[in-house]
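Take a look at the sequence and the fold below.

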Amino acid sequence: MLQLSEGNKVIRSILDNDMYKLTMQMAVLELFPEAQAEYRFINRGDQRFNSQFMKELEYIVREQIPKLRLLDEERHWLGKNCPFFKHTYLDHLQNYRFNPDEVEIFLTDDNDLDISIKGPWHSTILWEIVLMATVSELYFETIENNWADDFLSKADLLDKYGDMIKEVSDKLDNAGCVLSEFGTRRRRSFELHDRVVETLSRSRSFAGTSNVYLAMKHGTRPIGTIGHEWIMGNSALVGLRNANKFAFENWVKVYNGRLGIALADTYGCDAFFNNFDGRLARLYDGIRHDSGDPFTFIDKAIQHYKSLGIDPSQKMAVFSNSLEAEDAIRIHEYCKGKIKCSFGIGTSLTNNSEFFQKNPPLNIVIKLHKINGIPVVKLSDSEEKVTGDRDAVRVANYIFGTKGLDEE
């Protein structure tokens, strides 16, 4: 068995998290400081867990993660490299501690995980990524722990994995693609993730990583703006039918045009484009695609910009929907001369299913479930990515004209 991290210290820093969780935390603190949130864990795969796994997970959640704090050198780095963070927010983050009382974890009768997170939105918002990374890494340490048996040593494994990542980055370099690494939440191990970012940081195609700690360690850019939960939260706190508009207007109030990539698929891209008016389309640098057919999305985006009198070639389309390098290259070719594009690639970099054929990555998510007791949903442009209370999903589909009220 490969020992992944000394003493099972899976999360290495309070910054061992995705950038968009920090940017959203600042926005929540500023605009919705009283909001109460509930998140739910969803296992979309067929992998199951056991008592040894639960013992390790409970220890890390109750004993290790609450000890994380923002160090002085980390705060200095954030202040220098992320000027959009206000000093008051950095003060808050330096005083922040994960509260384990916000997390409940159970092993179900069929050995699945039941995880819920409840508490102030501004506090609970940082749990998602660290919990998912912990669940993923512990799974491959305590349950399917034979994935390193084909290698002579940890160093041999890391070297071969780094070689594979270099081949991927070379393909993207040669195609002229711009790549960001988005793989924290389903990584196989911290060490593999670290080697991925180290390898990519030498590539011409690399724009940065979503992982703030690894961005600091390897001298690259931390990447991240808005996640689905920002729009979902605004749907409950402001209004559902025009939640996209409310969410992106509120984002401008906090960031004044910085971090200007708008996520397009929370309620389907048609609902997004209906709300993405001339003002927002000019304020935001571009849009992010995360579900549905990317080529259809490109066509709709270009048509929408043109209808508003905006040159789409001056805007950016970011693609992040379960991408492989070959997908990115095809999309890049389609975008040429039409719209700028870049790519956020996650699990296929930090937990590659072809490299580890015997033990594929977990298919897990943690999604916002309620705000102030009101159910929230994500409809998506892909049916398998729909999340939320069943009745709330039916109502949302009806409001956005996706399905009739009696349709499942």
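In what order do the 5 strands of the open sheet lie? The order is 2-3-1-10-11, and the pairing is antiparallel. Strand 2 (103-107) and strand 11 (374-375) are the edge strands, since each pairs on one side only. Keep in mind that this is a predicted model.

Strand 1 covers residues 36-43, and strand 10 covers residues 364-371. These two strands pair in the antiparallel sense over 7 bridges. Asparagine 43 has isoleucine 364 of strand 10 as its bridge partner.

Is strand 10 mostly covered or mostly open? Strand 10 is mostly covered, with 7 of its 8 residues buried.

Strand 10 also pairs with strand 11, in the antiparallel sense, over 2 bridges. Lysine 370 has its bridge partner in strand 11, namely proline 375. Together, strand 10 and strand 11 form a hairpin, and 2 residues sit between them. Asparagine 372 is in the turn and has a positive phi of about 50 degrees.

## Helices on the sheet

Helix 2 spans residues 51-64 and lies across strand 2 and strand 3 (113-120). Helix 2 runs at about 175 degrees to strand 2. Helix 10, residues 228-237, packs on the sheet as well. Helix 10 touches strand 1, strand 10 and strand 11. The direction of helix 10 makes about 20 degrees with that of strand 10.

## Histidine 332

Find histidine 332 in helix 15, which runs over residues 325-335. Is histidine 332 buried or exposed? Its relative accessible area is 11%, under the 20% cut-off, so histidine 332 counts as buried.

What does the side chain of histidine 332 reach at 3.3 Å? The answer is the backbone oxygen of glycine 176. Setting aside residues up to four places away in sequence, histidine 332 touches Ala175, Gly176, Cys177, Cys341 and Phe343.

## The cysteines

How many disulfides does the structure hold? The count is 0. A disulfide is a covalent bond between the sulfur atoms of two cysteines. Here the cut-off for such a pair is 2.5 Å between sulfur atoms.

Cysteine 177 is in no disulfide. The nearest cysteine sulfur to cysteine 177 belongs to cysteine 341, 6.4 Å away. Cysteine 177 has 3% relative accessibility, so this residue counts as buried. Cysteine 335 is in no disulfide either. The nearest cysteine sulfur to cysteine 335 is again that of cysteine 341, at 4.1 Å. With a relative accessible area of 1%, cysteine 335 is buried.

## Valine 254

Valine 254 is found in helix 11, residues 243-255. Why does valine 254 count as buried? Valine 254 is buried because its relative accessible area is 3%, under the 20% limit.

Which residues are in contact with valine 254, leaving aside neighbours within four places in sequence? They are Met26, Ala27, Glu30, Leu31 and Lys86. Now turn to isoleucine 11, 243 residues apart from valine 254 along the chain. The C-alpha atoms of valine 254 and isoleucine 11 are separated by 29 Å.

Conventions. Residues numbered from 1 in each chain as written. Predicted model: local features only at pLDDT ≥ 70, side-chain atom pairs only at ≥ 80, totals over all residues. Heavy atoms only, no water. Helix = DSSP H or I, 4+ residues; strand = E, 2+ residues; numbered from the N terminus. Buried < 20%, exposed > 50% of the residue type's maximum accessible area, 1.4 Å probe, protein only. Polar contact = N/O pair within 3.5 Å; in protein donor to acceptor, adjacent residues only side chain to side chain. Contact = heavy atoms within 4.5 Å. Pairing = 2+ DSSP bridges. Axes fitted to C-alpha atoms, helices over the stretch in contact; angles between N-to-C directions.
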